[in-house]
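This report describes one protein chain in plain terms. Look at the sequence and the model first, then read on.

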Amino acid sequence: MLAPVVDDDGARFWEYAARGELRVQSCARPTCGELRFPPRPCCPHCGSFDSEWRPVSGRGRIWSYVVPHPPLLPDYADQAPYNVVLVELCDAPRVRLVGNVVASPDARLDSVDPGRLRVGAAVRVAFDHTGVPRWLLERA
C-alpha cells in the first residue's frame with residue numbers, strides 16, 4: 001500500500017491521526033476561526049498565519065465517490081473493485097476528506113460492496129494500524 005506523503009503543512013494532521021485523533025487546521029485569529037483542509041500556512045479567509053488544530057467528531061456524509069475500473073495504481077490491482085470516497089465532515093461542512101469506506105479499520109479496500117455506497121450516507125472515521133483515516137458506514 002502507498003503511504004501518505006507528509007509535508008510541513010500536513011505533518012500535524014498525520015501526528016494526530018497516528019494517535020487516532022481526527023483534527024482539522026483552523027485559523028487562530030479570534031475574529032475568524034475558519035476550519036480549513038488541506039492544511040496550509042495562511043488562512044484563505046482572512047490571511048492570518050496563526051493556526052491551531054481543532055478536534056472534530058469524525059462523523060460525516062459521503063459527498064461523492066468513485067469505484068475505479070481498472071485500478072489506476074498497480075499496487076491496488078488485487079483489491080479491485082474498491083471505492084474512493086469524498087467525505088464532508090458534519091461539524092465542518094466545508095471540509096472534505098478523501099478516503100475509503102471499509103468494513104473495519106484494517107480491512108481490505110474491497111471489504112465493502114460498492115453497491116452499498118450512496119451519496120449522503122452517514123460515515124464515521126476509523127484509523128488503520130498505520131494511522132490512515134478510513135471510513136465506516138453508520139448503521140441506521
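Which residues form a nonpolar patch on the surface? Leu 2, Leu 72 and Leu 73 do, with about 320 Å² of accessible area together. A patch is made of residues with over 30% relative accessible area and no salt bridge, and nonpolar side chains (Val, Leu, Ile, Met, Phe, Trp, Tyr) are joined within 5 Å, like charges within 9 Å. Accessible areas come from the Shrake-Rupley method with a 1.4 Å probe, and for residues only the protein chains shown count as cover.

This is a predicted model, in which local features need pLDDT of at least 70 and side-chain atom pairs count only at pLDDT 80 or more, while totals for chains, interfaces and linings use all residues. Residues are numbered from 1 along each chain as its sequence is written, and side-chain values use heavy atoms, with hydrogens and water left out.

**Overall layout**

Helices (H or I, at least four residues) and strands (E, at least two) are DSSP runs, numbered from the N terminus. The C-alpha atoms fill a box of roughly 45 × 30 × 25 Å, taken along the principal axes.

Of the 140 residues, 37% count as buried. Buried means under 20% relative accessible area, exposed over 50%, and partly exposed in between (1.4 Å probe, protein chains only).

**Aromatic rings**

A pair of aromatic rings is described by the distance of the centres and the angle of the planes. Rings of Phe, Tyr and Trp (its six-membered ring) pair if their centres lie within 6.5 Å; planes under 30 degrees apart count as stacked, over 60 as edge-to-face and the rest as tilted. By this rule there are four aromatic pairs. One of them joins Phe 13 and Trp 14: the centres are 5.0 Å apart and the planes stand at 90 degrees, so the pair is edge-to-face. Phe 13 is buried, at 6% relative accessibility, whereas Trp 14 is partly exposed, at 24%. Tyr 76 and Tyr 82 form a tilted pair, 5.8 Å centre to centre with 45 degrees between the planes. Both of these tyrosines are buried. Ring pairs also link Phe 13, Trp 14 and Phe 37 into a cluster.

A charge sits over a ring if NZ of Lys or CZ of Arg is within 6 Å of the ring centre and within 35 degrees of the ring normal. Arg 23 lies over the face of Tyr 16, at 4.4 Å from the ring centre. Arg 96 lies over the face of Trp 63, at 3.9 Å.

**Salt bridges**

A salt bridge is a side-chain nitrogen of Lys or Arg within 4 Å of a carboxyl oxygen of Asp or Glu. The count comes to 10, including these:

| Salt bridge | N to O distance |
|---|---|
| Arg 59 and Glu 138 | 1.9 Å |
| Glu 88 and Arg 96 | 3.1 Å |
| Asp 110 and Arg 108 | 3.0 Å |

Salt bridges that share partners join Arg 19, Glu 21 and Arg 23 into one network.

Where do Arg 59 and Glu 138 sit in the chain? Arg 59 is in strand β4 and Glu 138 in the segment after β8 (133-137), 79 residues apart.
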